[in-house]
Amino acid sequence: MQFSLYNTLTRRAEPVAPMDGETFRFYCCGPTVYGPAHIGNFRTFVLQDTLRRLLDFLEVPTRHVRNVTDVDDKTIRQSQVEGVALSTFTDKWRDRFEVDCNALAVLRPHVTPSAVAHIPDQIRLIERLIEKGYAYKAEDGSVYYRIAAFSGYGKLSGLRAESRQANADNRLNSDDEYGKESWHDFALWKAWKPGDGENRWDSPWGPGRPGWHIECSAMSMRYLGESFDLHSGGVDLIFPHHENEIAQSEAATGRTFARHWFHIAHLQVDGAKMSKSLGNLYTLGDIVEWGYHPLDLRYVLISGHYRQTLNFSRQSLEAARSVLNRISGKLGPDATLDSGEANLSRLETDRFLPVVEALCHDLNTPQALGRLNEACRFERSESVSELDAIQRDLMRVLTLFGLEGIAQRTGEAVEVPPEIQTLAEERQVARSNRDWELADELRERLQELGWEVQDQPGGYTLRALSPLKAN
Ligand code: AMP
Ligand code: ZN
């Protein structure tokens with residue numbers, strides 16, 4: 001099956017296949033580890049994981065690299081606020097990121113390099129750029145990239161020189177960048193300032209630290225080679241981060257850096273951009289606290305097409321939960337697969353092929369999930385051997401979405417406090433007495449206490465509701 005994906009660089013869908021005919025090599029910009037990643041970040045990481053899972057399913061060998069940004073203004077500032085060493089601080093948030101990724105069934109990339117551990121690679125790359133005339137040292141010991149020297153600048157974002165004010169305004173360019181030849185040149189090396197404290201590394205230009213863009217150029221080329229298959233991040237990274245990565249890497253090597261650029265549109269919350277000030281910047285911890293499983297969130301994150309902004313709401317989680325409950329009800333009693341079993345060539349029926357086709361068509365996850373739901377309308381009355389094969393195929397196809405763990409997800413025990421149980425029982429009595437007014441009152445009372453009661457034939461279930469809370 002041919003897999004095609006939109007390429008930001010060429011602005012059209014193109015086949016996804018290893019350029020060396022063997023291994024598909026791809027790089028994803030990883031988290032900046034200064035706090036917990038939010039659910040928007042996870043939209044990007046989960047979609048990148050879905051790309052990886054599709055390649056695995058299609059039996060294309062992959063080499064996946066995702067870095068950790070563990071030195072920048074934010075990590076330095078926050079570690080200083082907490083009074084701990086930068087590495088102690090970033091280790092803590094990197095570990096937390098990995099725990100969240102595990103919970104969301106995001107496969108671990110083959111290599112997860114840290115920026116701090118690769119400073120010598122970054123320095124060598126900067127030296128190459130200086131030698132070739134693409135970079136220059138300023139008086140204070142900082143080194144800048146000379147944008148005017150690279151004729152391909154702007155090819156990814158389509159931005160022309162005059163629109164590059166964003167570079168000057170960007171959060172990464174601090175106010176104290178004196179000595180630049182041009183206001184839109186960007187820092188490759190930042191000379192040490194007293195505010196950086198002990199966070200300084202030696203370089204041929206004096207003590208300092210690398211700029212963010214050079215980190216990703218150096219780490220991607222170290223683990224994937226000078227020219228590789230695909231590079232990815234959220235849409236906010238197209239400019240300036242990825243544009244600058246191309247400028248640095250291609251100027252240094254004279255070769256195409258990444259052939260394919262895969263960008264994921266943003267997640268919004270209740271129709272608004274996520275931000276700390278709006279109090280709508282949620283983490284996986286919040287979602288779990290509201291009583292949902294991480295896979296409910298994963299379903300929501302892949303429920304929209306990656307090229308369109310996705311709106312997150314509490315209702316979308318609720319809907320995801322009920323779909324997943326329905327699907328897991330279709331799995332057989334022994335819903336496990338041996339590793340290496342979950343791929344296209346192992347499918348025993350044609351039932352789920354349309355699902356795979358939808359993913360192969362520009363990673364169309366909403367269409368694929370729609371087809372998955374369709375294909376799950378089979379009955380237990382199918383012949384035993386047919387049913388077994390369908391159920392095994394369902395498990396195989398669930399791995400494509402990272403949803404193979406849904407069977408374990410159901411039936412989670414949430415402890416109900418006795419006073420809540422009592423209120424729910426009282427409400428049940430009111431209902432059997434047809435005292436609807438009292439039943440409604442008790443429902444509201446339960447809701448105020450953070451519990452939702454759902455009536456079911458012959459009974460009810462209780463579900464914990466935690467208030468939406470700001471980070
Ligand atoms: P950061 O940790 O800020 O470097 O971001 C990690 C990844 O999350 C990057 O690929 C960003 O482009 C991506 N990202 C940031 N905000 C969002 C969002 N609201 N929706 C989707 N992806 C995002
Ligand atoms: Zn990057």
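This text walks through two ligand sites in a predicted model. Residues are numbered from 1 along each chain as its sequence is written, and chains are lettered from A and ligands numbered from 1 in the order in which they are written. Local features need pLDDT of at least 70, side-chain atom pairs count only at pLDDT 80 or more, and totals for chains, interfaces and linings use all residues, while side-chain values use heavy atoms, with hydrogens and water left out.

Start at ligand 1. Its shell holds 16 residues, each with a heavy atom within 4 Å of the ligand. Gly40, Thr44, Gly234, Asp236 and Leu267 are the closest. Asp236 places a polar side-chain atom 2.5 Å from a ligand oxygen atom. Gly40 uses its backbone: an N or O atom lies 3.0 Å from a ligand nitrogen atom. On its own, ligand 1 has 490 Å² of accessible area (Shrake-Rupley, 1.4 Å probe). The protein covers 90% of that.

Next, the elements behind this shell. Helix α1 (39-57) gives the most, with 4 residues. Strand β9 (228-234) supplies at least two.

Now the zinc ion, ligand 2. Cys29 (SG), Cys216 (SG) and His241 (NE2) coordinate the zinc ion at 2.0 to 2.2 Å. Donors here are N, O and S atoms within 2.8 Å of the metal (3.2 Å for Na, K and Ca); water is not among the atoms, so sites may look incomplete. Along the chain, the donor spacing reads C-x186-C-x24-H. Cys29 sits in the loop between β3 (24-28) and α1, and His241 in helix α7 (residues 238-253), so the pair ties together parts 212 residues apart in sequence. Both Cys29 and His241 are buried, meaning under 20% relative accessible area (1.4 Å probe, protein chains only).

How values were computed
A polar contact is a pair of N or O atoms within 3.5 Å; within protein, one must be able to donate a hydrogen and the other to accept it, and residues adjacent in sequence count only if both atoms are side-chain atoms. Buried means under 20% relative accessible area, exposed over 50%, partly exposed in between (1.4 Å probe, protein chains only).
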